[in-house]
Structures are given as structure tokens and as C-alpha cells.
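Here are my notes on this one, in the order I jotted them down. Have the viewer open while you go through them.

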Amino acid sequence: MKKLLLALLIAFLLLWITPFRVQAKVWPQPQGHVNDFAQLFTPEFIQQLEVKLVDFKAQTSIEIAIATIVSLEEDTVENAAVEIFEQWGIGQKDKDNGILLLIAKEDRKIKIEVGYGLESVINDAVAGRIIRDEMASAFKQDNYEQGVLLAVEALIARLETGSGKVLDSVYQAGATWPAGFILLVCLFIYVFAFLSRSKSFYAGGVVGGFLGLAYRVMAGSSFFMIIIFILTGLFLDWLFSQNYKKLKKAGKSTSWRSSWGGFSSKHSNTSSGGFGGFSGGSSGGGGASGGW
Amino acid sequence: MKKTLLIILAVAVFIGFSLVGTYNNLVQQNQAVEAQWAQVETQYQRRFDLIPNLVNSVKGLFDQEQTVFGDIAEARTRYSGATTVDAKAQAAGQVESALARLLVIVENYPDIKSDQATMGLMDELAGTENRVSVERKRFNDLVRTYNTNIKQFPTNLIARLFGFSPKAYFEAVEAAEQAPEVNFGD
């Protein structure tokens, strides 16, 4: 009887696992500010441009990304730019101050996609003029490096003189990690400090499940999250119980403070020196496109 | 027997929470669709703010093309008077096709299209059309997510219970779906 009910419950849970989302084409992840997928540039040029863009970001927090692709494959350059911008998240999340310079080699198309927060400085007319005056003529002579360098310099010059005008974006992107989640995690850890003292193995799962449900009610997350909560609960209960036993055995203090609520070792995030991705900015089709 | 009761209670609580959770989820999706519609309207407004400039810069130059200007003005009036989303979308579609025609006309006058000021205006206009199509696509994506969710079992039961109905997609006018091509290349 119990098993049957449990099976029913799990089957019921599985029904919710796949919330529907509209999928777009998946573009490759950025490798840096300069992403020369079409191999138009020399490694020295990429290096030089990367340094320039990293410096500019350090000064202004504005992220300028360059992407070259071989072919649009029947898509428009405007669409491709919006998709890449969306997936890479160019610019700071709260300022939307990113710019994407997209070059499609075989289609001979250029698009400057401007993040919401920079639309007032790099307006469409400015972007169009940069494409026509700086890029198109150099590109016609297959001098891609020269064209891109001139465009980047023109963009930076414009951003530096007009940066006083950069307004904070009014556009709010999708959901972020809510503060409620962090609070829940704290609560979670606190509860487990007690659970580690209990004998049952499933209590953690039960608590996890209910916290997951509570989180769903508050934040409207998918049902998949609840399963993760339950599994996390079971795992943490097990982990903390082990830790508790070990500490007990070793005769160490098991108080809340000395065991960090059950975490005996501190975890530290080590960041590698390489490119860590862009900062989550968004755009809405602003900028200009052109060809050569 | 006490254990069975406990399990039944747990299942009941679970279903109760699920109901609330699903309901809240639908409310959020509903709000997201409405917020995105506001974003589409913002871009429409931007377009209307732009049109007078463009019209003024080219109007005197070709008097024989008066019908286009008349069409734009009429569609604009209709947009301001529209109250429902559908009516607004339709009026916006008319503006779009009239503008596309205007761009073709400008293409045919080399003197005008090489003028710096006009070029800037055309960039702005093309950019606005692109913004409109981007925000509209996002609107449709959100509507599709919402519609699919409220039609799927078991969410559909909850949606029906609380009166969540499917939303209409934004249908772009045929042939005006793409931003009008402005090509100043030679």
C-alpha cells in the first residue's frame, strides 16, 4: 500500500518535470571579447584588440564584443545578432551597456547591435555611419582588420565623449536569483545542522521536498526544482550525519558555530585568469546593419 | 493505520502546494506577456516620433508620392484611436507597409538617399523596424510559452479553474515581417 502510493506520487511529480520553453538556435560560447569564428584576423591582431577591449571594459564597464561568422545560413544578420547578444549577455546586467559587432563573411553583412543602455549614445544613425564610413570601404579591399579596428576606435571615441549621456536602462531582463532563495539556503543549512543529529535518513528528503514546494509557491520555479531540493536534502542529511559522527568520534565540538552549521570545511571559489564570460546585459535590436 | 493517514495527509498537502505553485507560475507568465506587450508599444511610439522628421525631410521633394504620406497619417490616427490589442496591431501593420513603400521610393531618388541627414533618418527608421520585430518576436515567444503551459496536463485543469485563457499571437502583416531593407551600398 505504501509503495503503491509512493509510486503514484513519483509518477505525479514526473508530469511536471518539463516546463515548456521556446528554443532558439544555440551559438558557440564566447572565447573572449574577440571571437573570430570565420578566421578573418591574425592571432596578433586578435591579441591586440582583446587587450584594447579588456582595458576599455576596466575603465567604463562597457563590454564590446566582436564576432565573425562564416555564413548566416539563410538567417538575417539582424536575427543572428539578437540571438548572439541574448545568449552571450553582453554588457553589465543592470546597465545593459554592451555592443556586439557581428560580421558574416560569406553574406558580406555587418551588424552593430547596441544594448538597451547605450542606445542614446550609439544611436542607429551613428552605428550606420560607422558601418558605411569605417568598415565597408576597408572590407571591400578584404582589409578586415583595418575595418574592425577603425570601427572599434570610432565606437570607443563616441562612447568616451558621450558617456555622460549613458542612461540606466529601463528594461528589466528575466528573473535573477531572488534574495528569497538565499534565505532559503540559510534556513536549509540551519535545519540540517539539527537533522545531522537525528537518526533517520529520509528526514532530510522530506524537509527538502517541503522547502522545494515552498520555494515554488513563492518564486514559481519549475517542479524539477523540487526534485533537486529533495535529492539535495537527502544528500545533505547523509553528509552532515557523517560529518557529525566523525566530529563526535574525534571528540570535537559539534556546536553550530564551530562546525559552520555542519560544513566543516570552507569552500572557496577560485577563478581562473582567463575570460569569464560577459556580464548578462541585453539588447533589443538597436543599432544598424549594412553590407560591403 | 496511522502511517497511511500520514501519507494521505502528505499527498494532500503536496497537491495543495502544487495548486498554489502552478497558479502563481501562471500569474507570473501572464505578467511577463503583458510587460513584453508594453515593450512592443514603446517601440511603436518610437516609430511614430520618428516619422514626422523623415516625412518633413523628403516630402517637398516628391509631391507625386502624396498617397504614401496620406496612408501613413491615416494609419497613425487609427493607431492612436485603437483600444484593443488586435486593433493596435492592425494599425501598426498598416504603418509598417506604408513605411516600407516610402523606403522603396527614397531608394529611387539617388539625390535624397545620399544626403547625410536623410541617411541618418533612414538608419533610425530601419533600426526602429528591427526593434519592433525583435520585441514582437519576444512577445510571441512568451505567449507561446504561456499558451503551451496552460494547455498541458495537468496545468490545464488549474488554468481552467482560475480562468486563464490562451492569448493571441501578434500576427505581422504579410511582406512587412522583415525590417525594410535600406541599402546604400553601391
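1. Starting with surface: chain B exposes about 9,600 Å², and carbon and sulfur atoms supply 57% of that area. Keep in mind throughout that this is a predicted model, so every value here is computed from predicted coordinates. Chain A exposes about 15,500 Å², with 59% of it supplied by carbon and sulfur atoms.

2. On burial, 45% of the 186 residues of chain B count as buried. For chain A, the figure is 45% of 292 residues.

3. Secondary structure next. Chain B has 6 helices and 0 strands, and its pattern along the sequence reads α-α-α-α-α-α. Chain A has 8 helices and 5 strands. Read along the sequence, chain A goes α-β-α-β-α-β-β-α-α-α-α-α-β.

4. In chain A, residues 24 or more positions apart account for 72% of the contacts with a separation of 6 or more.

5. Now a helix pair in chain B. Helix 3 (residues 85-107) of chain B and helix 5 (residues 116-151) of chain B pack at an angle of about 150°, and their axes are 12 Å apart. That angle makes helix 3 of chain B roughly antiparallel to helix 5 of chain B, the cut-off for that label being over 145 degrees. Helix 3 of chain B passes helix 5 of chain B in a left-handed crossing.

6. Who touches whom in that pair? From helix 3 of chain B come B:Glu96, B:Leu99, B:Leu103 and B:Val106, and they meet B:Met122, B:Leu125, B:Glu129, B:Val132 and B:Arg136 in helix 5 of chain B. By type, the residues of this contact between helix 3 and helix 5 of chain B split into 6 nonpolar, no polar and 3 charged.

7. Over in chain A, helix 4 and helix 5 pack at an angle of about 155°, with their axes 7 Å apart. So helix 4 of chain A is roughly antiparallel to helix 5 of chain A. The crossing of helix 4 of chain A past helix 5 of chain A is right-handed. On the helix 4 side of chain A, the contact is made by A:Val126, A:Ile130, A:Glu134, A:Met135, A:Ala138 and A:Phe139. Helix 5 of chain A contributes residues including A:Tyr144, A:Gln146, A:Leu150, A:Leu155 and A:Arg158. The contact of helix 4 with helix 5 of chain A divides into 11 nonpolar, 2 polar and 2 charged residues.

8. A:Arg158 sits in helix 5 (residues 144-162) of chain A. Its C-alpha atom is separated by 7.3 Å from that of A:Val121, 37 residues apart along the chain.

9. Last, have a look at A:Asp124, in helix 4 (residues 124-140) of chain A. A:Asp124 has a relative accessible area of 0%, so it is buried. Leaving aside neighbours within four places in sequence, A:Asp124 is in contact with A:Gly286, A:Gly287 and A:Ala288, and also with chain B residues, among them B:Arg46, B:Asp123, B:Glu124 and B:Arg131.

Notes:
Residues are numbered from 1 along each chain as its sequence is written. Chains are lettered from A and ligands numbered from 1 in the order in which they are written. This is a predicted model: local features need pLDDT of at least 70, side-chain atom pairs count only at pLDDT 80 or more; totals for chains, interfaces and linings use all residues. Side-chain values use heavy atoms; hydrogens and water are left out. Axes are lines fitted to C-alpha atoms, for helices over the stretch in contact, and angles run from 0 to 180 degrees between N-to-C directions. Helices (H or I, at least four residues) and strands (E, at least two) are DSSP runs, numbered from the N terminus. Angles under 35 degrees count as roughly parallel, over 145 as roughly antiparallel, 65 to 115 as roughly perpendicular and the rest as oblique. A crossing is left-handed if the near helix is turned anticlockwise from the far one by less than a right angle, and right-handed if clockwise. Contact means heavy atoms within 4.5 Å. Ala, Val, Leu, Ile, Met, Phe, Trp, Tyr, Cys and Pro count as nonpolar, Asp, Glu, Lys and Arg as charged, and the others, Gly among them, as polar. Buried means under 20% relative accessible area, exposed over 50%, partly exposed in between (1.4 Å probe, protein chains only). Accessible areas come from the Shrake-Rupley method with a 1.4 Å probe; for residues, only the protein chains shown count as cover.
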